[in-house]
Amino acid sequence: MLEECIFCRIIAGKIPADVVYADDQVFAFKDINPAAPVHILLIPREHLATFNDFEPRHKELIGHIALVLKKIAADQGLAEKGYRVLVNCGPESGQVVYHLHYHLLGGRPLGALLP
Ligand code: 5GP
Ligand code: ZN
């Protein structure tokens, strides 16, 4: 874990979070400043700063992340209504926390993503 990383600290239980899912590879918790009725962050336990840090050795993890996101969406009652999965990568995306995270958003019409 990276001592100075807030998401590593959440995984380690050093910062409290509303955890919705955890296993040996990933960790999911409610966003502290939700942009929608459902706003969950899913992170790998391994500290990867951004999407750019994925390597071929992460293939299994990447697939696992997709399946867990699908499961959480279903558990939140979003499977039929719909939801959005979003990753910010780097400065121009607006990424603020540099521990790779997937946003799962839903529970209201989300509007068009592209301007
Ligand atoms: P980014 O802009 O990096 O893609 O998103 C970072 C997200 O992390 C934001 O939506 C922000 O509200 C959330 N966040 C930042 N610090 C904390 C925290 O300490 N706890 C939780 N649960 N969410 C956080
Ligand atoms: Zn981290």
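A backbone N or O atom of valine 96 lies 2.7 Å from an oxygen atom of ligand 1. Keep in mind that this is a predicted model, where local features need pLDDT of at least 70 and side-chain atom pairs count only at pLDDT 80 or more, while totals for chains, interfaces and linings use all residues. As for bookkeeping, residues are numbered from 1 along each chain as its sequence is written, chains are lettered from A and ligands numbered from 1 in the order in which they are written, and side-chain values use heavy atoms, with hydrogens and water left out.

**Around ligand 1**

- Ligand 1 has 16 residues around it, and the closest are Lys30, Asp31, Val96, His101 and His103; a residue is near a molecule if one of its heavy atoms lies within 4 Å of it.
- On the nitrogen side, a nitrogen atom of ligand 1 sits 2.9 Å from a polar backbone atom of lysine 30.
- Histidine 101 comes in through its side chain, with an N or O atom 2.8 Å from an oxygen atom of ligand 1.

**The histidine pair**

- Histidine 103 belongs to strand β5 (residues 102-106), and histidine 39 to strand β3 (residues 38-44); strands are DSSP runs of E with at least two residues, helices are runs of H or I with at least four, and both are numbered from the N terminus.
- The side chains of histidine 103 and histidine 39 make a polar contact at 2.8 Å. That term means a pair of N or O atoms within 3.5 Å; within protein, one must be able to donate a hydrogen and the other to accept it, and residues adjacent in sequence count only if both atoms are side-chain atoms.
- Histidine 103 counts as buried because its relative accessibility is 11%, and histidine 39 does too, at 8%. The cut-offs are under 20% relative accessible area for buried and over 50% for exposed, with partly exposed in between (1.4 Å probe, protein chains only).
- Leaving out residues up to four places away in sequence, histidine 103 touches Asp31, His39, Ile40, Leu41, Arg84, Val85, Leu86 and Asn88; contact means heavy atoms within 4.5 Å.
- With that same exclusion of residues up to four places away, the residues that histidine 39 touches include Phe29, Lys30, Asp31 and Leu105.

**The largest pocket**

- The largest pocket holds about 240 Å³ of space. A pocket here is an open set of points on a 1 Å grid over the protein atoms alone, where a 1.4 Å probe fits, with protein on both sides within 12 Å along at least five of seven lines; lining residues have an atom within 4 Å of a point.
- Of its 13 lining residues, Ile6, Phe7, Ile10, Phe29 and Ile32 are the closest to the centre.
- Two elements give two or more residues to the lining, α1 (6-11) and β2 (26-30), and α1 gives the most, with three.
- By class, the lining has nine nonpolar, one polar and three charged residues. Nonpolar covers Ala, Val, Leu, Ile, Met, Phe, Trp, Tyr, Cys and Pro, charged covers Asp, Glu, Lys and Arg, and the others, Gly among them, are polar.

**Exposed and buried spots elsewhere**

- Isoleucine 32 lies in the loop between β2 and β3 and is exposed, with a relative accessible area of 86%.
- Proline 56 sits in the loop between β3 and α2 (59-75) and counts as exposed at 70% relative accessibility.
- Isoleucine 72, in helix α2, is buried with a relative accessible area of 3%.
- Setting aside neighbours within four places in sequence, isoleucine 72 is in contact with Tyr21, Ala28, Ile40, Leu42 and Leu104.

Key:
Grid points are joined across faces, edges and corners, and a volume is the space filled by probe spheres set on the points.
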